[in-house]
Amino acid sequence: MIQKREDIKDRFVEAFGTEPVVFRAPGRINIIGEHTDYNDGFVLPAAIDLAVYVFIQRSGSDQSKLISIDLDESYFFNIKEALAPVDQGWVNYFLGVIDQLQMAGHQLEGFNLMFTSDIPMGSGLSSSAALECGFGQALIDLFDLNVPKMDLAKMGQAAEHKFAGVKCGIMDQFASCMGKDGHVVRLDCRSLEFEYYPADFKAYDLVLFDSNVKHNLADSQYNIRRAQCEEGVKALQSVNPDITSLREANLEDLAEAQASMEEVVYRRCKYAIEENIRVQTVCEALQAGEIERVGQIMLETHHGLSKDYEVSCKELDTLIEIATNCEGHIGGRMMGGGFGGCTINLIRKDKVDKVISQVVDGYKKALGIDTKVYRVAIADGVGRLK
Ligand code: GLA
């Protein structure tokens with residue numbers, strides 16, 4: 001990647017005649033707390049060492065150019081003209097962020113930009129959030145704007161809603177902005193208070209297995225899940241008018257309201273309420289160094305995501321099933337929005353190599369698909385590269 005970055009710098013100088021400044025924004029993993037962020041609940045993500053790299057410099061006019069090195073595509077526009085979503089999917093993340101900054105009253109001028117990423121797309125590692133945050137931070141620095149990182153995360157989220165049509169929660173952008181080397185971070189998505197915990201998994205390593213299924217269904221089904229949770233909240237309000245999100249509801253409230261909601265809505269709510277409790281339990285277990293317990297709870301989450309929330313798929317379930325049968329694997333679950341992407345697993349260090357080969361072989365044998373293995377390290381959030 002370092003050599004590639006040097007090459008892109010050279011290309012930039014050749015194309016635009018100026019040296020770029022370079023920004024890095026990471027993807028994320030999430031230990032626990034899936035589909036809880038938009039229910040005002042808790043999440044426990046961490047930024048990783050796979051990232052988006054943004055090379056940028058002022059253009060000296062209103063004309064702006066975006067170049068995707070990986071896709072070999074480009075897009076021209078005038079920064080002073082009105083913005084609306086376009087057909088070139090990746091461009092929308094940029095336009096969405098510009099739109100947010102401009103709506104907040106920030107003055108932008110034209111720029112030239114190249115970017116590359118080593119975060120696999122559609123793998124549940126938040127490549128799009130990294131793009132939003134890396135680009136946002138680049139504009140903030142380039143034009144000397146006063147935007148705290150938490151506001152940048154919110155803008156990235158809003159850009160995704162408005163320009164990509166995914167009604168995502170705040171977790172991914174938060175992790176990309178606020179991640180800290182060697183730490184996981186527990187975020188309260190209602191108050192936005194957060195706390196770092198050392199990412200110390202003792203005798204265990206985190207390993208990701210990529211199902212190699214790109215989560216295409218994810219956008220539409222994601223928005224449906226969100227709507228179902230909102231429907232659940234309405235029914236819950238009939239038993240307790242103080243409930244404004246699933247975060248405020250408990251399983252007793254849900255049992256009382258069960259008769260007034262559709263069965264599917266009930267299962268969505270049940271999952272979200274239970275998952276929120278699991279985040280708290282995992283934080284306690286981490287602090288107590290009880291990593292086997294963390295693994296056990298991750299398996300409970302997978303079960304809930306698969307059976308109650310129904311955002312898993314045959315491939316992800318197969319990956320978990322194979323891994324669970326391997327000696328040294330103490331827990332795992334699908335990660336991110338679902339319908340494809342990766343599983344996240346805790347595996348005893350001295351068994352990692354063996355488990356990896358068993359999962360790779362087993363997956364190929366069961367479904368005829370190759371799995372990719374990522375052994376990510378936990379890294380800092382967005383920033384300028386020196
Ligand atoms: C996607 C969204 C996040 C979050 C997860 C599920 O990654 O972008 O906001 O909802 O799915 O936990």
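Analyst: Axes are lines fitted to C-alpha atoms, for helices over the stretch in contact, and angles run from 0 to 180 degrees between N-to-C directions. This is a predicted model: local features need pLDDT of at least 70, side-chain atom pairs count only at pLDDT 80 or more, and totals for chains, interfaces and linings use all residues. Residues are numbered from 1 along each chain as its sequence is written, and side-chain values use heavy atoms, without hydrogens and water.

User: What makes H3 oblique to H5?

Analyst: The axes of H3 and helix H5 (residues 171–178) cross at roughly 50° and come within 9 Å. H3 is therefore oblique to H5. The cut-offs are under 35 degrees for roughly parallel, over 145 for roughly antiparallel, 65 to 115 for roughly perpendicular, and oblique for the rest. H3 also passes H5 in a right-handed crossing (the near helix is turned clockwise from the far one by less than a right angle).

User: Which residues of H3 and H5 meet?

Analyst: Ala129, Ala130, Glu132 and Cys133 in H3 meet Asp172, Gln173, Ser176 and Cys177 in H5. Contact means heavy atoms within 4.5 Å. These residues divide into 4 nonpolar, 2 polar and 2 charged. Ala, Val, Leu, Ile, Met, Phe, Trp, Tyr, Cys and Pro count as nonpolar, Asp, Glu, Lys and Arg as charged, and the others, Gly among them, as polar.

User: Why are H2 and H3 called oblique to each other?

Analyst: Helix H2 (residues 89–103) packs on helix H3 (residues 127–142) at an angle of about 45°, and their axes are 9 Å apart. The two are therefore oblique to each other. Trp90 and Phe94 are among the H2 residues in this contact, and Leu131 and Phe135 among those of H3. The contact residues divide into 9 nonpolar, 2 polar and 1 charged.

User: What makes H8 roughly antiparallel to H9?

Analyst: Helix H8 (residues 263–287) and helix H9 (residues 291–308) pack at an angle of about 170°, with axes 10 Å apart. H8 is therefore roughly antiparallel to H9. Their contact has 8 nonpolar, 3 polar and 9 charged residues.

User: How many cavities of 30 Å³ or more does a search of the whole structure find?

Analyst: The search finds 1. A cavity is a set of points on a 1 Å grid over the protein atoms alone where a 1.4 Å probe fits but cannot get out, and lining residues have an atom within 4 Å of a point. The largest cavity has a volume of about 40 Å³. Its lining includes Thr36, Arg247 and Asn276. By class, the lining has 3 nonpolar, 4 polar and 1 charged residues.

Definitions and conventions: Helices (H or I, at least four residues) and strands (E, at least two) are DSSP runs, numbered from the N terminus. On a 1 Å grid over the protein atoms alone, a cavity is a set of points where a 1.4 Å probe fits but cannot get out, and a pocket is an open set with protein on both sides within 12 Å along at least five of seven lines; lining residues have an atom within 4 Å of a point. Grid points are joined across faces, edges and corners, and a volume is the space filled by probe spheres set on the points.
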